[in-house]
Each structure stands twice: as C-alpha cells, then as structure tokens.
Amino acid sequence: MKNINSKRVFKRNGTEPDSDGDYVLYWMQINRRFQYNYALEYAVGWANKLDKPLLIYEGLSCDYPWASDRFHHFLMEGMKENLSYAEEENVNYYSYLEDKPGAGDGLLYELAENACAVISDEFPVYIIREHNEKVAPKLETPYITVDSNGIIPLGLTEKAPYNAYFFRKIMQRNFVECFTNSPKKDPLADLENLSKVKLGDEFLSKYPPADKKLENQESFIGSLPINHDVSKIALEGTRQSALGKLGQFIQYGLSKYDENRNDPDENAASGLSPWLHFGKISEYEIVDAVLDHQPKGWDLDNITFNKGSTGGFFNGDPNVDSFLDEVITWREVGFHFAHHEPDYDQYETLPDWALESLEEHKDDPREYIYELEEFAQSKTHDEIWNAAQTQLREEGVMQNYLRMLWGKKVLEWTPNPETALAYLIELNNRYAIDGRDPNSYSGIFWIFGRFDRAWQERPIYGKVRYMTSDSTRRKLKLKEYLDKYGNQKTLDM
Ligand SMILES: Cc1cc2nc3c(=O)[nH]c(=O)nc-3n(C[C@H](O)[C@H](O)[C@H](O)COP(=O)(O)OP(=O)(O)OC[C@H]3O[C@@H](n4cnc5c(N)ncnc54)[C@H](O)[C@@H]3O)c2cc1C
C-alpha cells in the first residue's frame, strides 16, 4: 500500500512475504467483512504479487473474556452470513468454532505453516491486541496487521491524543486525503489466482469446519462453557442488518440527530455501534453514505480546516457535522489513544489532574454504596439508573447520554474510584453488545476525566465532571423510556 494507507500497515515480525508457501492467509479477527476492508485488500495485493490463492480464516473460541450467549449468537450469525457469501462467490473461506476451551489452540500456527504470509486486523484493545503481540514473534511466516478501523490511519498519530480537540485538529488536516484513499468496496474482485485451497484431512479432523455448528446454533451455544445468563438479544450480527440500520438512520434519524440524539424517546441516534464493533460495516461507508446527504451542490471542496473546533468543518447540514464528529472524532480518538497507550485500561493512565483530585476526595462520605451484582440487577434507589441498566442487561444496548449518567453514578455509589472503574468495565463488557471496544474504554475512562477538563470541585467527584439524574430528567424526553424499562421490569424477548 502506497500513499497515506501505508500508515495502516504494521509489519510485526519484520519479515517480507515471499512465494514459499501455498497461499496467503487473511485471519479475520475483528473486521469480519469482505467489503471496504483494507486488511483484506492488502492480503489480495500480496496474493496477486506472489501469484498465490488467498485463504480467509475466521474463528471463534469459547474462552474469550466475557464469553456469553449474547456475543456468540451475534458473532455466529455473522459467520453464517460470511460462509454463504464465500460459497456463492467461490472464496477460499474456512471458519472454525471451538467447542471446548483450548481445542483450537495451535490452529492458526498450523495454517501459518503453509502460508506465504499471515495478514490480520490491527486493533488496539482486548484480546485482539494481545493476539497480535503474542503471535508475531512465534511465527516464522511474516505476520502483518492492517488497520481497517477508521478514516485516520493509526500510524498517522505520533502519541496518544489527550482530548478530542487535539485529535480533531489532526483529523481535520488529514480528512480529505484519508477519505479519498478509500478502501475498495469489493477487494476480492481483484484476486487473480482463484485456485482452490485444500486443507489436509488430518487438519480438518482435528479442527472441523464450523459449517454444521452454524446450522445448529442454539444447541451448539447451549453446550458451551460460557455465561448463559447473558442471553441472546434481538439484534442480528449480520452485515445485512448493519446496512439496514444505516439506511434507516439516514432516512429517519439523521435530519434530527443534532437536536435529538440524546433523547431516549426520540431514537435519533444510529444504533450502529454493535456492527461497527464487530467490523460488519466500515466507518468509511457510513461517512460516505452520510456525506451523500449533504445539501445539493455540496462537495469535498466545501471542507475547511477549523482549528479543531466542532461545527464549521464539513460546512453543510449541521446534523451531518454533528454525527460525523461522533463517528470520526469521538470514535477514533479512543482507537488512537489505545494504539499509543498499552495500559489504556489501567486507572493510572487517567490525566494527572483527575488522579490527584479523585485521590483527594477518596474518603468523602458516600450516601449510597452498592455491590457489583446489585448494580447488575438494577437494584439501586434511582429509577433512571435502574431503567438504563435494565435496558443494557436485557437488550445489550444503552443510549449515549444515559450511558454517561450511568457511569457517573457508579463513580458516586462505590467505595472508591478504582472499584467504580472495575465495576464499570465489568458491567459494560459483560452486557453491552458493542463492549470490549476502544470506545468502551474511552467512554468508561471519560467518566473519570479522560478526554475531559477539570470542572468545579465537588464531593466524591473532585474536579471530575458530575451529572445528576434530576437534571437528566429535566433535560431529556424519558417518559416512554421509563414506561418501558422502569421499575425493574423483565422484558419479553
Ligand atoms: C460509560 C460509557 C461507556 C461506553 N461504552 C461504549 C462501548 O462499549 N462501545 C461503544 O462503541 N461505545 C461506547 N460508549 C460511547 C457511546 O455511548 C456509544 O458509542 C454510542 O452510544 C453508540 O450508539 P450509536 O451507535 O447509536 O451512536 P451514534 O450517536 O449514532 O454515533 C455513531 C457512532 O459514533 C461513535 N460514537 C458516538 N458517540 C460516541 C462517544 N461518546 N464516544 C465514542 N464514540 C462515539 C460510535 O462508534 C457510534 O456508533 C460509551 C460511553 C460511555 C459514557
């Protein structure tokens, strides 16, 4: 990859691919799609250069952190869709589902033995970050990860951005160049060597393909040693659903996004974060589709560098400006932060002013203190908090403004900020279908001051921004929301 996209490529064990091998392997870890995927495009490029076929491998273990029916269902629906796409398009695609912990250990290494190169997804958090760090030195085969997460390549920033304003300036300077070096819609269409890759019988009997398990999803998931209390949700983990959601948002939500995104009763937000997290849809195609809805006559020449301020950058519909600030700046600041900060999930990486102030207020008396499972089961004294947690626990999602209030109250109702942080990571990543993402850590750490500034000092919060349920009730339209999720209701699925 030449141009700005070379900053997406991370050669993790320093070796260059050569033709010693049967295929080029693309290990689809997080960006689980065949379209608009720079990593897949890069793998196709090497396959063509070496005149080799491409093998795509997608797997799912059963002992990943927070493994549950919820994540398994969502992921397996996506894998099923990928399998039928690969069959229709004659793509060498092999998928594997682990049925007991450890059964799939060694699989990737065996596939890599016959590969000219292993290309995978760059992703700065969770086990994918760990995999990438662990696998690279163990392989003799070149191991290259490619960033297909957002518009601004991770290799473009030099250090962890400390706030959105700092990152927005970088984004504004580079947006047009990055956006116009877009990922290809259908990278597989360029693949030249279409030979079939045949995996050996011994390999296939040790690691049987996922096909049958994908057919019997319910019974397969039921048999796994994962958390069955975190149940399947109504959202489908397919690309088809992601595209449907995007279409719906553009038709009904976008035109009122700026004014109404925070109101739970309005449903003006896109709801796209679950599919963004699992890479079923690319940020690029969302931005592209939304820019298509700028007023008539608008084009990229209307964009003006705005010194990192919000608004006045895209210079079209303010709803588009507002949405793109979330999906580009706020989404990507977390990716770039974690990319440069390996301890992204550690309390000590909060800004100094927040650490000092929270420390000073550590022993302030708390009116309410709850245990983790009391929070989990919506057993606090606060109607709005309980409703938000009920929605998260039962439906796997929570609206952004309530998510901020939800986090702030956990800081207030726990014995100290470190406990609050541990509880929030657990609750978010156990229940949220978009959890375990760089944005999970952005959002949770924002509660404690990351990417924010100091505010007026108060008990418990110190100089960290505080929020109240009363002002939330005054500001937001919540009636329907509370009717639906209030009073600790158990929801019908
Ligand atoms: C305590 C807390 C925890 C959070 N945990 C997560 C999480 O686990 N996963 C997650 O994706 N987001 C998380 N967020 C950020 C934000 O709440 C969600 O991204 C947003 O609510 C997703 O809904 P949507 O797709 O309808 O967003 P929309 O408003 O439609 O925005 C479109 C996209 O922009 C991005 N975005 C929007 N708001 C933010 C934001 N404040 N910060 C970062 N990116 C944003 C998301 O990718 C989102 O899908 C958290 C925020 C807080 C305060």
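**Exercise 1. Find how much space lies in the largest cavity, and describe its lining.**

*Solution.* Start with the volume: the largest cavity holds about 70 Å³ of space. A cavity here is a set of points, on a 1 Å grid over the protein atoms alone, where a 1.4 Å probe fits but cannot get out, and lining residues have an atom within 4 Å of a point. Grid points are joined across faces, edges and corners, and a volume is the space filled by probe spheres set on the points. A word on the source: this is a predicted model, in which local features need pLDDT of at least 70 and side-chain atom pairs count only at pLDDT 80 or more, while totals for chains, interfaces and linings use all residues. Residues are numbered from 1 along each chain as its sequence is written, and side-chain values use heavy atoms, with hydrogens and water left out.

Next, look at the lining. It has 13 residues, with Met171, Phe313, Phe314, Asp321 and Asp325 nearest the centre. Two elements, α5 (164–180) and α13 (318–340), each give two or more residues; α13 gives the most, with five. Helices are DSSP runs (H or I, at least four residues), numbered from the N terminus.

Last, sort by class: five residues are nonpolar, five polar and three charged. Ala, Val, Leu, Ile, Met, Phe, Trp, Tyr, Cys and Pro count as nonpolar, Asp, Glu, Lys and Arg as charged, and the others, Gly among them, as polar.

**Exercise 2. Work out which domains line the second largest cavity.**

*Solution.* First, its volume is about 50 Å³. Then pick out lining residues, among them Arg33, Tyr36, Tyr38, Ser282, Glu283 and Tyr284. Finally, turn to the domains, whose bounds come from an automatic or database assignment: domain 1 (1–148) and domain 2 (239–340) each supply at least three lining residues.

How values were computed: On a 1 Å grid over the protein atoms alone, a cavity is a set of points where a 1.4 Å probe fits but cannot get out, and a pocket is an open set with protein on both sides within 12 Å along at least five of seven lines; lining residues have an atom within 4 Å of a point.
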